[in-house]
Each structure stands twice: as structure tokens, then as C-alpha cells.
Amino acid sequence: MSFTPEFLDELRARVPVSGVVGRKVKLIKRGREFSGLCPFHNEKSPSFTVNDDKGFYHCFGCGAHGDVITFVTETEGLSFPESVERLADQAGLEVPKASKEEAERSQKRASLYDVMEEVARWFEEQLAGSGGKEAREYIDRRGLRAETVSRFRLGLAPAQRGLLRKAMNARGVDDQQLIDVGVIKQNQDNGRSDGPKRDEFWEYFNHRLMFPITDRRGRIIAFGGRALGDSKAKYLNSPETILFHKGKVLYNLANARQAAHDMGEVIVTEGYMDVIALSQAGFPASVAPLGTAVTEDQIQELWRMVSEPTLCLDGDTAGIRAAFRVVDRALPIIQPGKSLKFTTLPEGEDPDSLIQTQGSATMREYLTKARPLSEMLWKKTTEGVDIETPERRAALKADLRKQVGVITDKDLKFEYQKDMFRRFDGLTGGNVKQGYSNQGYSGQGYPDQGYPDQGFGNPGFPNQGFDQNSGQNYGQAPYSNNPRQGYNKPYNKQAGKKQNRGTWGKGNGRGKDSFDPDPRLPRSNMSPRLLARRQEQVLLATLINHPGVLTIQLEDLATLRLPSKDFNGVLQDLVDAIVRDPDLDREALKCQLCDKGYSRLLDELLSPAVLDHGKFARPATDSTAAEHGVTHIAAMFREKQAEQDKGVHSREFAANMDETGLTQLEAHKQLRQETSGVSIDLDSYDPDAFEESH
């Protein structure tokens, strides 16, 4: 069974050598290469090297050398065709069926590469000859040096028709070959009797500066032409041919591959001249799509060079639209460690003009400011969106969910959900300060920790701003869409009357405005230390036995931090499990916790002692009662954490007396005021036990 060279090239490009070798050899990454113990001979120190960029492995001890197909053949005892078929299946490639027609196509394709090389040489000769003066003057105006022109093999398609065909025929290239590579066309109406008789053939390129386009191996497969005179099409690419499929090719790919390996970057720009200008200015790993927005195939080609290529876009409206189209095409195929970055130049500038007017140092500054794909997704989804009404905010939420929903990798989708929802809260003012202070606020409009797509905002107790004197709600955070407001108020059987007020952390004294204990919560004579841990146990047991409550309160719980490190880990894994599969039942949830190594903790959490202490944690308890209990226990932990944070910043401010410390202290004071209305007072409970058990 035979395979075409093109198919084998595609297979080698799609399957990294390290991925296949790594199944049999423990590889250690060293710079751009991997090393390990050779599988072909016994050795104690590694002399075996794998290079994905060059597509081969090599052992300096025994001399073993080959590509990914050779490795499978040598290590698995398969024939060459069997190895190809196995790798093709892994890469999602359909193995072409052997046929006489395919063999003829392969032979024809090989001869057409020679034709393209001959045409490129002729274009170069025209540029250097007496008829190339106009084109050379244009090149000089664009600031291109002679060595650059030579390296990119620029040429000239003259204005006079018929010269290319005549010259190629004289060199042994027939008309059909020229048609096959797309440099001449045959007139379809040449046999008409009416009107003047037209030439049988006409050149596809006339009066244009020519840019050879190569495949990844450097073979010329097409041309691009820049008009030197008046033309409706300023730039023109070769038509699709047996050699050329523009959605799969990048201009300057062959030259950029080695530069990308050496420099660790790839810059994607919009046109030939931008690529050439960047390369001449010291950015040789530059490529461009061919008159279209970057396609999925081109993105995959970019990822074979670097994990995060940078798209450098013109600062006009068209450039931004092109970026948004790339976002749409990239999201379904991004993977952990494989993404894109975007940098936008000032309006009216492109890489060529920016380098000419401001130099390569300025260009480098813009590249270092490149923003991640997630930020461009946010810009695309929110730019110009009105969020003044609940309906419009809900529509924006739905759009964000839809955009992120196309990501196929579950872990990556989860991270994007968290990132988008943090940004949404920063935009709408939904609990950025109140709901997320436990996790740390970044100061950029969204917090450092977030949560997944069970809704946005942080609906729940921190928003309620409950007035302890009147027992009335005095306002809640902006845009808090909370369906459970009645469950978030503290238990207060004598609302409106003067009551004693307790001080957190200072014994059990009760002052004028405190609340009576909530009778729905358990009383205990346990020590403060054990009681603090028991409250965590009750909270987690309730969530495990009532996954529906976990789903409803997911946003609150995703930002909650428990005092005990082991229990906090369980809480975060519970949240992650529900995010990935909101339909998990009680038994499936317990299985997932066991798989993560929590078997012993699970026995502790679901023990009779814990379920007797918090009866709402039992599986048979009504879900509404379970939700009440979770709400109040979580409120208690949040308020104590706010007190601890305030104490830390108070001490820091006392020590440093600086503006930053004062700002932090005032922020925590405000947070304490806003969350104080949701605290609860448990009999025999000393909040200082939090610090002792932490």
C-alpha cells in the first residue's frame, strides 16, 4: 500500500513525536526538546532526544533515528502501512485509498512543483530586468532592502500579456501545466462567432509585484500579486489548485518555523508587506493568512510552532471584526495550553507603517501588551451592549454562556466560565466587593476567584444589608437577582424591639441589638474548638446529602472559605463536581469524592454524630430546611472571616500607616457593616475557636 508524500507530511505535522514516544519513554522537557532513556538500547543516563519542531527522535548512544511513523514501526512491530493507519486514526485523518488515479495525481503534483519554481524564477528575472523599474521604485518607497527582496523572492508580472506563456512554452512547460498551477486561464468564449476573436489564453497576473507562497517545506505552491497600477483588486491570490488551498496555508510559514523555534513566538498579521516589514525589522517568525480571516486549519498550523501565537491586527474597524471572527473559530478548538493572544495597533496603523514611522522598539512594546483570547471574547460579547435593565443583563448572561459553551475541553470550559462570570460581576457591580472578599479582589473589576455557569452574581446573605435595629432590609447590592431572599435574613423573633448585642470574639456577652438563637440550628455543649469543626461537618454533610441545595447556592459556596484546610478542599471539589455535571445525585457525588481520596473524610462527615447535631443534613430532610441551614452556617463563616481580615489589615495599618493600609481597612469596615445583618448567635459558641482550629 502506498501513500502520497502530501498525506504523510500532513500526518507527521498533526501527530507530535513527543506524544507518541512519551507513551513508552519517560520524557523530560529541556528547552525546546525532550530527553529520556533510549528504548532501543540499555542505558543509565539519557542520551535519547525528541524534537517536535523538527519532527524526529535521535539517540546519541546507539544512533537510532527517525520520525513518528518510524518509532511506531520499530517499537510496536507494525508494518509501515499499519503504523500509518494507526497514527492516522489518532490524528483523525482519513487514509486515502490506493488507486491508479491517486498515483497519477501524486506524480502530476510533483511535476507541478517544478513548474511553479520555473515561473517564480521568471518573475524574478522580470523584476531585475529593464521592465522592472516601476516595481523596483515601489519596493524602494516601501523601504525594503535588496537582501529582503532576495530572501522573499519578489518578482514582477509584466503588464504586457502573453509573455509568461511564451517564455514557459520555450522552457518546456505546456499550457495545461500552466493552467493547472493557476497562472494562466483559458477563455471559455473563444469559439463564439459574434464579436472580435479573443486570445485563447490570458495571464492571471498582470502588472503586479509578485510574492511567492510556499508550503511548510518551502515549495512554491501559489503566488500573491500587488497591483502596481489602477486595479479593482489591490491584492490578488492564485486560484485554488491541486497544490494550493488558501484556507490551509500561511504566507512565510516555511521561514517562520525555524524562527519560531529559536525565538518562541509567532506573529500573525494581515498581509504580505506586513510580514516582510516585520521580518526585516527583526521579527522573522511572522506569517499571514491569504486574504481571509484565520481559519481553524491555520490555527492548528500556528499551534504546531508555538502554544500561544500573537495576532497583530490593524486598529481599524475591519481589524477588530477580523479578531472577533478568529475568536469564533478558535473557541471550539482551544485546548489546555493552546490559545491565542491579540494585540491591536493604533487606528490607521499596520505593522509596516508603525515600524517605518516609530521603529521596531515600538512594535515590540505593542507585542508585549498582547491580551489573551478570553479578554477578546469578553470585548466581543460586551462591546456596545446596554445592561441598564434586568432583561438586557439576562440576555448578556445567556450570550456569555452560549459563547463559552462551544469549548469542548471540560476543564478549559470551566475556567472560561469562571473568568467570564467574574468579569460580569465586575461590570454590573454584583457583589464584587461583598461576595468575593474571602478570595481576594484583584482591583480590575472582577475577583481572583469565581464560579461556574449556574448563574451570575452572588445572590445571598451578604447582599441583604439587614438593619439590626429595625429588622428591615435597607438595600442590597446592585443587580442581585436572588430568588431566595426570604431565606437569607437572620432569625429574629423580636424584630423591632431592643435586644442585646453580642460582640464577636469577646465571650458570650449580649448587648442591646443582638439576635436570639435560631431555633432551627442545633444547640451544643461541645468545646468551642470542636463546635467550630462540627459546623463545617454539618455544612458539608448537608451539601453531600442534598446536591440540589449545592446547585442552588453554587455561586455563594464557590467563594466561601472554610477554616479547616481539609474541609475547604472538600467544599471546592463539591463545587467543581456540580459545575461539571449539575445533575449528579447523592450517590454519584459520594463516588466522585471517594475517587479524589476523601473516603475517610466522607465517613466522618456522614457519621451519626454529625447528622444528629444537624438534623437538616440528613438525606430525608426537606430540601427547604436543608437550604436554610446551609445559608446560615455559611453566613457565620463569612462574617468571622471578615473579622479576621479586618484584624490583619488593622495591624498592618498600625505598623505602616500608609494610604494602602488605610484603604484596605476602610474596605473591610464597609464589608463588616454590610454583612453584619446576616450573622447568627449560637449558644455556647465562641468565634475565637476559628483561629485556633485554622
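**Rings and cores**

Start with Lys369, which lies over the face of Tyr366 at 5.8 Å from the ring centre; a charge sits over a ring if NZ of Lys or CZ of Arg is within 6 Å of the ring centre and within 35 degrees of the ring normal. Now pick Arg219: it lies over the face of Tyr113, 4.2 Å from the ring centre.

A word on ground rules: this is a predicted model, where local features need pLDDT of at least 70, side-chain atom pairs count only at pLDDT 80 or more, and totals for chains, interfaces and linings use all residues. Residues are numbered from 1 along each chain as its sequence is written, and side-chain values use heavy atoms, with hydrogens and water left out.

Next, select Phe40 and Tyr57. Their ring centres are 5.9 Å apart and their planes at 25°, so the pair is stacked (rings of Phe, Tyr and Trp, its six-membered ring, pair with centres within 6.5 Å; planes under 30 degrees apart are stacked, over 60 edge-to-face, the rest tilted). Tyr57 is buried at 1% relative accessibility, while Phe40, at 30%, is partly exposed (buried is under 20% relative accessible area, exposed over 50%, partly exposed in between, with a 1.4 Å probe and protein chains only).

For a cluster, select Phe152, Phe211, Tyr235, Tyr251 and Tyr272, which form one aromatic group.

Tyr251 also takes you to the largest nonpolar core, 49 residues, where it is among those with the most contacts, along with Val119, Leu154 and Phe223 (a core is a set of buried Ala, Val, Leu, Ile, Met, Phe, Trp, Tyr and Cys residues joined through side-chain atoms within 4.5 Å).
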